[in-house]
Structures are given as structure tokens and as C-alpha cells.
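Dear colleague,

I am passing on the structure we talked about, with the sequence alongside. Please look it over before reading my notes, which follow below.

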Amino acid sequence: MPTSEHRAERDTAALLLRATLGPMLFAHGWNKVRGPGGLEGTTGWFEALGLRPAALHARLAAGTEMAAGVTMTLGVAGPLPAAAAVGLMTTAARTDHRGKGFFVFKGGWEYAGVVGGAAVALAALGNGKYSVDALVRRQWSGTGAAMLAGGLGVGSALALLRACYRPHREPEDTTEA
């Protein structure tokens with residue numbers, strides 16, 4: 001049985017994770033809407049990535065990042081904001097970071113992997129006592145919550161990619177040498 005000191009440490013760790021991941025997700029979504037290129041720029045970027053229809057995906061990604069950021073920061077809905085983060089990061093890794101290696105400074109999937117892993121860790125840890133979930137006496141944590149966040153996130157991303165990912169392909173050269 002965890003001691004009260006152990007529970008306090010977990011609550012603090014959960015708060016710190018939420019206060020790091022949540023605002024970062026919100027900022028990324030806000031940037032897609034109000035950043036230098038706005039939604040038009042985000043739509044063009046998503047078009048180039050092969051997400052169809054790009055305008056819809058630009059709005060869905062921005063809205064999901066902002067909603068997950070707010071709910072994660074406040075500690076609402078247990079592992080569901082973590083699942084959203086995992087889905088976003090899985091989609092980013094498969095589209096924007098694919099084939100670029102590991103390191104983010106080379107365009108790789110490092111950032112997406114760290115954010116997704118931290119989100120699953122937060123789901124396992126739970127939102128803690130400094131959260132809306134604690135106020136309404138609804139706490140989800142543990143292996144099941146982590147599996148839900150990871151499975152729902154990856155599964156949703158794979159379904160979206162299967163239905164909507166149509167990257168541009170270079171035509172094959174069929175001339176004989």
C-alpha cells in the first residue's frame with residue numbers, strides 16, 4: 001500500500017507532467033491556427049504531407065491539440081487526453097517525420113516519441129489529487145489506463161492514416177536503359 005508521502009510524490013509528478021505536456025500541446029494547436037501561416041499554411045503543409053482532405057485535417061489536428069492540451073493541463077478525463085496526444089504523435093511520426101531518422105534536429109521522430117511516451121506514462125500515473133478528476137472523485141491510473149491511452153491513440157492514428165493518408169508518389173521511370 002502506498003504511503004501518504006508516496007502518494008504526494010505521485011500527485012506532484014502528475015501535476016508536473018500535466019503542466020509540461022498540456023500547455024505544449026495547446027501551443028502547438030494554437031500555432032496551427034494563429035501562427036505565421038495560420039490555418040491556410042497548416043492546410044498547405046498537410047496537403048504536402050498527403051493528408052486528405054487537408055483543410056479538414058488541419059482543423060482536426062489543431063482542435064485536438066488544443067482540447068487535449070487544456071484537458072490534460074486541468075487533469076480531466078483520465079487517459080483520454082493522453083490517447084489524443086499519442087494519436088497526434090503517431091500520425092506526425094508516420095507523415096512528417098517518416099524516413100528522417102531518430103533525431104528531431106534532422107526532422108526525425110524523436111520529439112513525437114518522447115511526447116507520446118510521456119503521455120502514456122501520465123496515463124499510468126493518473127492525474128493525481130491536483131486535478132479536476134480528483135475533484136469529481138474519478139481517478140484512472142495504472143496499466144489499464146496506460147494501455148487504453150496507447151492503444152486508443154495508436155489505433156485511431158492507424159485508422160485515420162488508412163482512410164486519409166495519400167502521399168504524393170513520384171512516377172516510376174518505365175523507360176528501359
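In which helix does H57 lie? H57 belongs to helix α3, where helices (H or I, at least four residues) and strands (E, at least two) are DSSP runs numbered from the N terminus. Please keep in mind that this is a predicted model, in which local features need pLDDT of at least 70 and side-chain atom pairs count only at pLDDT 80 or more, while totals for chains, interfaces and linings use all residues. Residues are numbered from 1 along each chain as its sequence is written, and side-chain values use heavy atoms, with hydrogens and water left out.

To begin with the whole protein, there are seven helices and zero strands, so that the order of elements from the N terminus is α-α-α-α-α-α-α. Taken along the principal axes, the C-alpha atoms fill a box of roughly 75 × 35 × 30 Å. Of the 177 residues, 36% are buried, a class that means under 20% relative accessible area, with exposed over 50% and partly exposed in between (1.4 Å probe, protein chains only). Among contacts (heavy atoms within 4.5 Å) with a separation of 6 or more, 67% are between residues 24 or more positions apart.

The pair I looked at in detail is helix α1 (residues 4–34) and helix α3 (residues 54–74), whose axes come within 7 Å and cross at roughly 155 degrees; the axes are lines fitted to C-alpha atoms, for helices over the stretch in contact, and angles run from 0 to 180 degrees between N-to-C directions. That angle makes α1 roughly antiparallel to α3, given that angles over 145 degrees count as roughly antiparallel, under 35 as roughly parallel, 65 to 115 as roughly perpendicular and the rest as oblique. On the α1 side the contact includes R18, L21, G22, L25 and W30, and on the α3 side it includes A61, E65, M66 and V70. By class, this contact has 13 nonpolar, five polar and three charged residues, where Ala, Val, Leu, Ile, Met, Phe, Trp, Tyr, Cys and Pro count as nonpolar, Asp, Glu, Lys and Arg as charged, and the others, Gly among them, as polar.

As for α1 itself, its 31 residues should span 45 Å at 1.5 Å a residue, and its end C-alpha atoms are 44 Å apart, which agrees; the expected span is 1.5 Å times one less than the number of residues. The buried residues of α1 are D11, A14, R18, L21, G22, M24, L25, G29 and K32, and what covers them includes α2 (38–49), α3, α4 (80–95) and α5 (110–125).

Returning to H57, this residue is buried, with a relative accessible area of 6%, and, leaving aside residues up to four places away in sequence, H57 touches F46, L51, R52, L160 and C164.

Some backbone details in the loops also deserve a look. A cis peptide bond, with omega about -10 degrees, joins R52 and P53, and P53 is placed in the loop between α2 and α3. In the loop between α3 and α4 is A77, which is not a glycine but has a positive phi near 70 degrees, and which is partly exposed at a relative accessible area of 23%. R137, in the loop between α6 (132–135) and α7 (143–164), likewise has a positive phi, of about 55 degrees, although it is not a glycine, and R137 counts as exposed at 78% relative accessibility.
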